Amino acid sequence: MKVNRTAGLQTRAGTPVPAASRARNGQVGRGTIVPLPIVILCLLALSTSAFGQAFQERGYIENQTLIYPETTPNDSGHVVNETLLRWEASFQAYSWLKLNTALDARFDTHQQVEREWRLDVDDRSIQRPAFSLRRISATIHKGKFTAELGRQFIRWGKADILNPTDRFAPKDYLSSVVQSDFLGVNAARVTVESGSNTYDLVWQPWFTPSRTPLINQRWTFIPPQYLGYSIQDGGARYPGGSQYGARWNHVGSGYEYSLCFFDGFNNLPSFTASLLGPAAATVTRYYPRLRLVGGDSAVPLPWFTIKGEAAYFDSPDKNNDEFVLYVIQLERQVKEWSFVGGYAGEGVTKSLNPFQYSPERGFARSFVGRAAWTIDPNRDLIFETAVRANGSFARMQYTQAFGQHWRGTAGAAWIRGDMSDFIGQYNQNSYFSMAARYSF
Amino acid sequence: MNKFLAGLLLAATVSAQDARQIIQEVQKRQASKSQRYEGTLEVRSSENRVTTKRWNYLRIGDFGNSKAMLRFTAPPEVKGVALLIVNHTDRASDQWMWRPSIGRDQRIALQDRSTRFFGTDFSFEDLEERDVDQFDFKLLGDENGMWKIESKPRKSSQYTYSYQWVKKDNYTVVKIEAYTKKGLARVIDYRDYEQIKGIWTPKTTEVLDVGRKSHTVLRYDKVDFNIPVKEDEFTLQALRRES
């Protein structure tokens, strides 16, 4: 199979958005830094020396190697190595104002990371940026009122297996569907606490998509009937509008629950394909409108803690599936073991079968389990599994701390199943992993 | 005979009341509206491997009905991890943890409260504040200027009973031996008492996990009481905001 990348993917900017649609959506050029981040970064830099107590930082540098025993039709590589430097800092400027930032610097051997000297601020590139501003925000707190403005991480939901209500949390699925990192979003978040109730309002004026696997690499599954095709990445059509959401959380006596509403766009793409010739096609991402209502709850019982989460995904434009995703899980701690087990389910109310990339739906209809054993203060062993009718995944990870700064991790993931199954289609992607991390 | 039985019953009641009164006096003398300290934990395993952790601790409220926030500051890999503990007088505490890597608070499932806390020799139950009404007490006698008191939990606990040694001169607890069905489980020593704002305060706590043969020494620095602390520093939002 021959997979091409469009010229657009190779440009300095690297944005797959065609120029016309970029102008239409009124996007700022990539790498553009608005004044607020500059001000915050300068303040943080000054604060290191001037205000020691109010300044806090942490971070790590990690080198990870993934070894794939098998190749795939679109990826002949066996070994992928990546180095990540992550630095997070905050500065308490006043009792009511805190400034936050986080920066990533990456390099890898597999062209999953760009080879460009630019600071990314919007996470819209197809490859991972080499230098990325993950977070740059100001947190304002006064009494029951908290607001965070800027690039930040917003997490909703209570379940650990799958979070259908977590709509302001795009993910980076580029190098693995089974282990992904969260991406920040540019948003304004206001939280008000009143007794045992918390009200959360979020407005996100600037859309951040989840990052999907590269077409010419193993985590993009090419159906066998298209293996002879030359498939070009046609980039993405990003929605121009904003999105917003609201959540009410109540903590009661021995239970807690929340209800939420979201109106915006799915951060996971659907695709349109246009044939360029008898065996050539261009695939373009788009992000359909999404309206969601959902809720979650956690109830600690004598033997287990029960957590549940469910959401109804509505397609206001009527061009995508409408469905319910739900999770029910049990959690228990026994001595040094912690167990989580449950079921992630799906009920489709309207099926249009769009061509889409959706790991969260792909992991639905699964029995999922996790067991973690704290061997001693320095060593942990983790087992994870997801079992579907036609596909399964199991992962084991051993991690050990060495002194105050170093940690080594070794693991293996085993994926089996049919090509018709979301998990099973990656049955050639079982891997071994090794990582060394220095935290500071 | 009846007089003898009545006498025995009276003696037992007086003994129980005395023990309860002693513990109430201990709690009364240690009462504070808020507390802060910086803790350094040294965990020494049976193989003599040493791990050091540090946290900042902040508490508000009356004993047994308080809220506490605990934030790790070292080692680097756990920096930013935080725990919110909400104690209740009538039941086990609620606890939520914040991990920066996840970016979300998580309710801690603590069905087994004998679980070790973050790899230390403290169990989660040891960190809880339990009101005097949650125990039955019995005064066992005097030992070297200390009262030896037996306490039995009325509600579910990993411990079947404990012995506490309370100094008579200043009503401070210097030692606890905690027993499970299998026998002695933990020995907790409170040392280096100092008076801070009129409250006798241990500057060192040492826990021995008898089964594992491992020790944890917790040293308290910058201890302060009755400081101005706001309720909104002990909420799920504060857990997220300050980490």
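Helices (H or I, at least four residues) and strands (E, at least two) are DSSP runs, numbered from the N terminus. The legends below use these element names. The model is predicted, and local features need pLDDT of at least 70, side-chain atom pairs count only at pLDDT 80 or more, and totals for chains, interfaces and linings use all residues. Residues are numbered from 1 along each chain as its sequence is written, chains are lettered from A and ligands numbered from 1 in the order in which they are written, and side-chain values use heavy atoms, with hydrogens and water left out.

**Figure 1. A cis peptide bond in chain B.** The bond from B:Ala74 to B:Pro75 is cis, its omega being near 0°. B:Pro75 belongs to the loop between β3 (67-74) and β4 (82-86) of chain B.

**Figure 2. The contact between chain A and chain B.** Contact means heavy atoms within 4.5 Å; 51 residues of chain A and 34 residues of chain B take part. The size of an interface is often given as the accessible area lost when the parts come together. Buried area is the accessible area (1.4 Å probe) that two parts lose on being put together, summed over both. Between chain B and chain A about 3600 Å² is buried, and carbon and sulfur atoms give 40% of this area. B:Arg104, B:Arg107 and B:Gln111 supply 21% of what chain B buries against chain A, more than any other three residues.

**Figure 3. A salt bridge across the interface.** Side chains of opposite charge can pair when their charged atoms come close. A salt bridge is a side-chain nitrogen of Lys or Arg within 4 Å of a carboxyl oxygen of Asp or Glu. Six of them are found across the interface of chain B and chain A. In one of these, the closest N and O atoms of B:Arg107 and A:Glu256 are 2.7 Å apart. The pair links strand β14 (residues 255-265) of chain A, which holds A:Glu256, to strand β6 of chain B, which holds B:Arg107. Both A:Glu256 and B:Arg107 are buried, where buried means under 20% relative accessible area, exposed over 50%, and partly exposed in between (1.4 Å probe, protein chains only).

**Figure 4. Salt bridges of A:Arg118.** The side chain of A:Arg118 meets that of A:Glu116 in a salt bridge (3.5 Å, N to O). A:Arg118 also forms a salt bridge with A:Asp120 (3.1 Å, N to O). A:Arg118 counts as buried because its relative accessible area is 8%, and A:Asp120 is buried at 0% relative accessibility. A:Glu116 is buried as well.

**Figure 5. Nonpolar cores.** A nonpolar core is a set of buried Ala, Val, Leu, Ile, Met, Phe, Trp, Tyr and Cys residues joined through side-chain atoms within 4.5 Å. The largest core has 37 residues, of which B:Trp55, B:Phe117, B:Ile149 and B:Val166 touch the most other members. Leaving aside residues up to four places away in sequence, the residues that B:Ile149 touches include B:Ala19, B:Phe137, B:Leu140 and B:Tyr163. A second, separate core of 24 residues has among its members A:Val80, A:Ile231, A:Val283 and A:Phe393.

Figure 6. A:Arg365, which is not a glycine, has a positive phi of about 55°. A:Arg365 sits in the loop between α4 (359-362) and β21 (366-376) of chain A and is partly exposed, with a relative accessible area of 42%. In chain B, phi of B:Lys213 is near 60°, also a positive value. B:Lys213 lies in the loop between β12 (199-209) and β13 (214-225) of chain B. B:Lys213 counts as exposed because its relative accessible area is 60%.
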